[in-house]
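Please keep the sequence and the coordinates at hand while reading.

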Amino acid sequence: LGSGGDGIVFQYRHRVSEEIIAVKTSRATGYRSVRGILAEIKQYEILGAHENICAMLAYCKDFRPNRSPAIFFPVCNWDLRGYKTQWHAQQKRKTGKSDGMPEITVMKLMRDISLGLNFLHNGHPICYVHNDIKPDNILVVLPPDYTAGDIPAEPVFKITDFGRTTVFPRPLEDLAGKWKGTYEYAPPRAERTLPPKPGVDVWALGATMQKFALDLNPTESRMAVIRRRQLARQEHPHVNDDKEWGNQFWRAQRNVLYRPINLPYQTLCLEYDVPTREPEYYRQYSTNLSHWYDMIMRTPAKFRVTSSFLAKIAVPFLDRQMAIERQMALSRKSFATAAALL
């Protein structure tokens with residue numbers, strides 16, 4: 001089903017019941033790989049259940065075939081990338097085109113992950129920092145009792161993969177710990193060298209929203225890195241050297257940027273370091289949604305909103321806005337039906 005630096009996820013079907021589950025195992029039987037899975041098992045046991053956290057069904061410390069630890073999960077319908085791909089394919093089948101992710105879907109993503117982060121940061125005696133929020137670590141499931149055959153605009157989004165989760169504040173014996181997530185969703189550079197704080201998760205939610213909503217990678221362009229290093233008289237890869245830019249060092253050189261989600265694409269091209277060619281699924285969003293998105297990508301970190309603020313203030317607002325969006329969708333459908341009858 002998927003793989004990453006910490007493990008591989010397979011789909012298993014029970015021979016008798018035909019029930020399907022997801023099984024995550026370590027990539028190898030080495031000490032470091034096994035330790036990562038064992039740490040994640042412990043984390044799931046501590047966290048407990050929440051609607052926007054992927055739940056562990058059970059675990060096994062010597063799972064076959066390689067006798068490594070394994071975690072058993074319910075099978076989700078998609079990860080965030082897969083959901084987006086399937087949504088666009090569905091829209092093309094229905095209308096011949098897809099104009100980007102609906103605003104109500106982006107709102108639902110922000111709402112659900114905000115609640116999940118608030119649970120991690122504030123729902124236990126100790127604050128937990130996920131440390132690696134990104135599209136690959138957000139799973140998507142159908143809403144409860146959903147019976148329609150198509151892909152819903154308002155699924156349930158869940159945070160998964162707690163292999164890099166840390167506590168905040170860090171224990172005195174572990175103050176040297178640093179942020180260790182994925183560079184393409186990294187916090188501002190000053191925050192990468194410090195023990196991770198909850199704000200890194202909030203920032204990564206913003207970077208994930210940017211990728212999901214605008215269909216743009218949230219990192220600065222290769223040319224921006226090249227120009228910066230040329231000014232400093234430092235070496236850099238050729239702009240088209242994909243292999244070198246995929247190296248961990250050069251991935252780390254590309255800062256994650258804030259880009260507004262409520263502007264025409266031409267404005268982004270002029271002011272926010274984006275490709276001149278508009279993405280296939282670009283969409284301009286409302287000022288209301290942009291207001292909350294802007295607040296989660298503020299720098300420095302002391303000006304960034306917390307997950308607690310999002311849960312208490314932003315989520316109720318988003319719930320009201322989504323209710324309005326539903327009513328507007330029904331009105332548009334009624335008008336279209338009436339027009340077809342004329």
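Which residues are linked into a cluster by ring pairs? In this predicted model, the cluster is made up of W78, Y83, F157 and F212, joined through ring pairs.

**Aromatic pairs**

The structure holds 16 aromatic pairs. One of them, formed by Y12 and F63, is edge-to-face, with 5.6 Å from centre to centre and 75° between the planes. Because Y12 belongs to strand β2 and F63 to strand β4, this pair ties together parts that lie 51 residues apart in sequence. The two partners can also be described by their accessibility: Y12 counts as partly exposed at 34% relative accessibility, whereas F63, with a relative accessible area of 15%, is buried. The pair of W292 and F309 has its ring centres 6.2 Å apart and its planes at 45°, and is therefore tilted. It links distant parts of the chain, since W292 sits in helix α10 (residues 287-296) and F309 in helix α11 (residues 307-341), 17 residues apart. Here W292 is buried at 7% relative accessibility, while F309 is partly exposed at 30%.

The accessibilities of several residues discussed in this report are collected below.

| Residue | Relative accessible area | Class |
|---|---|---|
| Y12 | 34% | partly exposed |
| F63 | 15% | buried |
| W292 | 7% | buried |
| F309 | 30% | partly exposed |
| I53 | 3% | buried |
| T182 | 12% | buried |

**Strands and their pairing**

Strand β2, which carries Y12, has pairing partners that can be followed residue by residue. Strand β1 (residues 2-3) runs antiparallel to strand β2 (residues 8-13) and is joined to it by two bridges, with I8 in β2 as the bridge partner of S3. With strand β3 (residues 20-25), β2 pairs in the antiparallel sense over six bridges, and V9 stands opposite K24 of β3. The hairpin of β2 and β3 has six residues between the strands, and within this hairpin E18 takes a positive phi near 70°.

A further set of three strands forms an open sheet, in the order β6-β8-β9 and with antiparallel pairing. Strands β6 (78-79) and β9 (156-159) stand at the edges with a single partner strand each, so that one side of each is left without a neighbour in the sheet. Strand β8 (residues 138-141) runs antiparallel to β9 and is joined to it by four bridges, and I138 stands opposite I159 of β9.

**Two buried loop positions**

I53 lies in the loop between α1 (31-47) and β4 (58-63), and its relative accessible area of 3% makes it buried. I53 and H121 are separated by 68 residues in sequence and by 13 Å in space, taken from C-alpha to C-alpha.

T182 is placed in the loop between β10 (166-168) and α4 (189-192), and is buried with a relative accessible area of 12%. The side chains of T182 and D132 are joined by a polar contact of 2.8 Å. D132 is also one of the residues that T182 touches, together with K134, R164 and R251, again not counting residues up to four places away in sequence.

**Helix α6 and the arginine R229**

The buried residues of α6 are A224, V225, I226 and R229, and they pack against α7 (242-245) and α8 (248-253). The helix spans residues 222-231 and is followed by R233, whose phi is positive, near 60°.

Leaving aside neighbours within four places in sequence, R229 is in contact with Q234, E235, H236, W250 and Q253.

Notes:
Residues numbered from 1 in each chain as written. Predicted model: local features only at pLDDT ≥ 70, side-chain atom pairs only at ≥ 80, totals over all residues. Heavy atoms only, no water. Contact = heavy atoms within 4.5 Å. Pairing = 2+ DSSP bridges. Buried < 20%, exposed > 50% of the residue type's maximum accessible area, 1.4 Å probe, protein only. Phe/Tyr/Trp six-rings, centres within 6.5 Å; stacked < 30°, edge-to-face > 60°. Polar contact = N/O pair within 3.5 Å; in protein donor to acceptor, adjacent residues only side chain to side chain.
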